[in-house]
Amino acid sequence: MVTKVADNIYKKVVPLPNNPLREINAYIIKGEGQGDKNLLIDTGFNRPECEEALKSAFDELGIEKTDVFITHLHSDHCGLVPKFAKEESVIYSGETDGELMNFEAGNLYWRILDDMFLKFGFPKAEFGRNTDIHPGRKYVHDSKIDFTYVNEGDVLEYGGYRLKAIETPGHTPGHMCLYDEERKILFCGDHILGTITPNITIELAADNPLQDYLNSLAKVEKLDVELLLTAHGTPVDDMYQRIEELYRHHEDRLAEAEYILGDEWKTPYEVARDMTWEIECRNWEEFPAPQKWFATGEAISHLQYMYYKGRIKRDEIGDIYHYHR
């Protein structure tokens, strides 16, 4: 069933089977009158369970076609775009992530990203299993998308709302939110989440993603928001309190990563191995390969942040980046 969250705005919880995230909140803004256009914000994986869930929402709302806005490049948000975009549909995205999404549809994207992770110490032996079961690789859209790119400040009008595009890089290089200033509503994708912290990791177009993310948090903190619509988990009642919690989380993570370095040269993979993670595994060896990938990406982002701040050193040892206090 769909849940009405505001006038003409409906939330559909789309399952993400066999994934730690469990589900994604897709939002549908229904046109006010007959013939008015609808807008779907994010889609779910390119897999039948997600497609069936969205189709049931469309049937319940009496919608046959819609325009689509994609907040960012991850496949749990864009995987179904080709299946829900009709010939006359407009598919919106920020240009940075839109270009990466179309690059992602081919194997070259993943080969380059794999090489980057090897450079940061992710063992090559782990790649076989990661490639087989990494959800970003398995459930991505299988064809290029004809995007209409939106820029900072562009306004989309649907269902009586004036939705301003807000660039919020960090979780991905071109993550984008939609903000209605009059109604004080923010569709925030994965920029702010209530039950988990957004994964901040290295990407093809992001060398210091944590700095980007903290800058984007500070930017959103200046907005007047009463209703925050997140892409995962339960609602966030107080966006400003949650932002303060996210600031503290990353301060703690930075301190932990710096402490783990000690007086040794270590790779981000080695740092990630010794960091604390909320995952039901007895030890690092039991981590599923994709979770090791995400954890290593988090470690990279925090080490890169401290390196650019001058808090730690970085050197290439055997063609792999190592860090030292």
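Biologist: How many positive and negative side chains does the chain have, and how far apart do the centres of the two sets lie?

Modeller: Start with the counting rule: Lys and Arg are positive, Asp and Glu are negative, while His and the chain ends are not counted. Each charge is placed at NZ of Lys, CZ of Arg, CG of Asp or CD of Glu. In this chain there are 36 positive and 59 negative side chains, with the centres of the two sets 2 Å apart. Please keep in mind that this is a predicted model, where local features need pLDDT of at least 70 and side-chain atom pairs count only at pLDDT 80 or more, while totals for chains, interfaces and linings use all residues. Residues are numbered from 1 along each chain as its sequence is written, and side-chain values use heavy atoms, with hydrogens and water left out.

Biologist: Thanks! How many helices and strands are there in the chain?

Modeller: Helices (H or I, at least four residues) and strands (E, at least two) are DSSP runs, numbered from the N terminus. Here you will find eleven helices and 14 strands. The radius of gyration, taken over C-alpha atoms, can be set against the globule rule, which is 2.2 Å times the number of residues to the power 0.38. For this chain the radius is 20 Å, close to the 20 Å that the rule gives for 325 residues, so the chain is as compact as a globular protein of that length. Its C-alpha trace spans about 65 × 40 × 35 Å along the principal axes.

Biologist: What share of the residues counts as buried?

Modeller: Buried means under 20% relative accessible area, exposed means over 50%, and partly exposed is in between (1.4 Å probe, protein chains only). By that rule, 54% of the 325 residues are buried.

Biologist: How many disulfides does the structure hold?

Modeller: A disulfide is a covalent bond between the sulfur atoms of two cysteines. The cut-off used is a pair of cysteine sulfur atoms within 2.5 Å. The structure holds zero of them. Cys 188 is in no disulfide, and the nearest cysteine sulfur, in Cys 177, is 5.8 Å away. For Cys 78, the closest cysteine sulfur is that of Cys 50, 12 Å off and so too far for a bond. Cys 78 is buried, at 0% relative accessibility, and Cys 188 is buried at 0% as well.

Biologist: Which residues is Phe 103 in contact with, leaving aside its neighbours within four places in sequence?

Modeller: Contact means heavy atoms within 4.5 Å. With those neighbours left aside, Phe 103 touches Leu 108, Tyr 109, Ile 112 and Leu 204. Phe 103 sits in helix 4 (residues 95-104) and is partly exposed, at 29% relative accessibility.

Biologist: And where is Asn 208 placed?

Modeller: Asn 208 is in the loop between strand 11 and helix 8 (209-221). Asn 208 is buried, with a relative accessible area of 15%. Beyond its neighbours within four places in sequence, Asn 208 is in contact with Gln 304, Tyr 305 and Tyr 308.
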